[in-house]
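Open the model in your viewer and keep the selection tool at hand. The stops below are taken one at a time.

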Amino acid sequence: MSLLDTRVPAVLLRTDRNPFHHGTLGAVRSLGRAGVEVHVVADSTGSPVRRSRYVHSMHSPPPPGASAQQILAVLRRVAERVGRPAVLIPLDDATAIAAGRLRGDLAPSYLLPEMPAMLSERVADKAELAAVCAAADIPHPRTLVPDSPGRAVDDAHRLGLPLVAKWSRPWLLPAGGGLRSTRLVHSAQQARELYARTAEAGSPLLLQEYLPPGEDRDWFFHGYADRAGAVRAGGPGRKRLSWPRGAGLTAVGHWTPNPEVRALAERLTGELGYRGVFDLDFRRCGTTGRYHLLDFNPRPGAQFRLFADSAGLDVVRALHLDLTGRPLPDGDPVAGRAFVVENYAPFAALRTASGGRELAWYARDDRAPGWAMWALWARHVSGRLRHRLGTAAAVPAPRPAPREATPSLTPPIDDEKASS
């Protein structure tokens with residue numbers, strides 16, 4: 001007998017076009033292995049996810065930057081094809097925010113946690129998160145929101161360099177515009193230049209105190225807050241390797257007990273009245289030792305499968321169980337369990353872990369997505385190399401400088417590594 005109610009299908013929703021989003025595959029496998037019918041509403045062009053044996057069907061997604069009404073129209077069309085109520089699982093911030101707003105319109109076709117309609121948007125907004133942390137007395141890097149180019153310069157000096165620049169609502173950033181959701185700023189002039197692109201970014205610019213990375217400083221917490229507000233499933237994890245290094249997503253993570261991180265997560269979600277799956281990112285300050293909350297993602301994190309406990313429960317299964325009225329089993333944490341994203345950490349994928357290890361792409365019972373990922377990754381990497389070589393070949397050789405001139409031999413440095 002399955003742990004989950006297999007009469008209730010699941011619909012996974014994502015507008016992000018990233019074909020290497022391994023969190024989608026993790027959700028497909030987690031639910032599919034339990035016998036749940038899984039529908040994926042995401043871009044399938046070249047995606048290894050569509051090769052999974054556990055995908056019942058793929059559906060065309062809303063376009064990137066879709067409005068809530070566009071997302072609603074797509075979900076209604078999918079609901080007609082599914083033919084019965086389904087658990088809806090948004091997998092990026094944009095769809096999590098839309099689902100929160102549309103909860104009433106989506107019923108009864110979709111099951112969603114009950115919480116304030118705008119709460120997902122509030123915690124995903126970087127400017128709002130700073131205010132949320134202040135109200136809940138949760139450590140958070142000092143954050144300023146400039147309102148003019150001159151104020152951006154003043155705030156940069158006030159915070160000290162380097163500093164972190166973030167766009168308040170990164171899900172609104174235009175594709176292909178060259179704007180990053182987060183970057184490290186080394187000069188006040190860079191802060192001024194970023195502020196000048198506010199209209200293009202679609203949300204305010206934040207300047208934030210920089211907390212340097214280091215050994216044992218990057219942590220995350222994945223959890224599920226049930227209908228009573230209790231945090232179930234998930235746990236605290238330590239980021240052992242990121243991509244890009246020191247700045248990006250978790251390439252290697254370990255399930256590591258940390259009562260302080262857990263207490264912060266439970267206090268914050270409890271005070272907010274949050275319900276559903278969440279993913280928090282923390283960085284420990286090397287000077288004070290305090291854990292500062294950097295991000296609150298109101299949906300499953302890509303590495304959520306790290307926290308599969310002794311009862312087989314993870315945050316996605318917890319969501320399905322709770323929304324279908326089934327009890328959540330009490331499992332034990334598996335300390336030392338590892339999660340590895342092979343294309344970002346290929347050598348780490350060869351190592352063992354004391355609590356076991358799960359790979360993001362390869363699985364013995366579902367091999368096709370892993371092979372498809374490597375073929376796609378090889379094309380991606382070779383394409384990047386050809387682009388770089390082509391760009392280098394297109395740059396003409398510099399002309400010899402006149403004898404009386406003294407040319408600069410040092411190119412400008414533009415380090416865009418971010419702190420979170």
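Start at the second largest pocket, whose lining comprises twelve nonpolar, three polar and four charged residues. This is a predicted model. The pocket has a volume of about 370 Å³. To find its centre, select L241, V252, A345, A348 and R351, which are the closest to that point among the 19 lining residues.

At least two lining residues come from each of β11 (231-243), β12 (249-255) and β15 (338-340). Which of the elements gives the most to this lining? Select β11, which supplies four residues.

Now move to helix α6, residues 149-159. Show the side chains of A152, V153, D155, A156 and L159; each of these is buried. Why do they fall on the same side of α6? Look down the helix axis: they cover an arc of only 165° around it, so they share one side.

The next selection is D16, in the loop that runs between β1 (10-13) and α1 (22-33). Is D16 buried, partly exposed or exposed? Its relative accessible area is 31%, so D16 counts as partly exposed. Leaving aside residues up to four places away in sequence, D16 touches H21 and D92.

Finish with the cysteines. How many disulfides does a search of the whole structure find? The search returns zero. Select C133 and C285 to see the spacing: for C133, which is in no disulfide, the nearest cysteine sulfur belongs to C285 and is 15 Å away. Taken from the other end, C285 is likewise in no disulfide, and its nearest cysteine sulfur is that of C133.

The cut-off for buried is under 20% relative accessible area.

Conventions:
Residues are numbered from 1 along each chain as its sequence is written. This is a predicted model: local features need pLDDT of at least 70, side-chain atom pairs count only at pLDDT 80 or more; totals for chains, interfaces and linings use all residues. Side-chain values use heavy atoms; hydrogens and water are left out. Buried means under 20% relative accessible area, exposed over 50%, partly exposed in between (1.4 Å probe, protein chains only). The arc is that of the directions from the helix axis to the C-beta atoms. Contact means heavy atoms within 4.5 Å. A disulfide is a pair of cysteine sulfur atoms within 2.5 Å. On a 1 Å grid over the protein atoms alone, a cavity is a set of points where a 1.4 Å probe fits but cannot get out, and a pocket is an open set with protein on both sides within 12 Å along at least five of seven lines; lining residues have an atom within 4 Å of a point. Grid points are joined across faces, edges and corners, and a volume is the space filled by probe spheres set on the points. Ala, Val, Leu, Ile, Met, Phe, Trp, Tyr, Cys and Pro count as nonpolar, Asp, Glu, Lys and Arg as charged, and the others, Gly among them, as polar.
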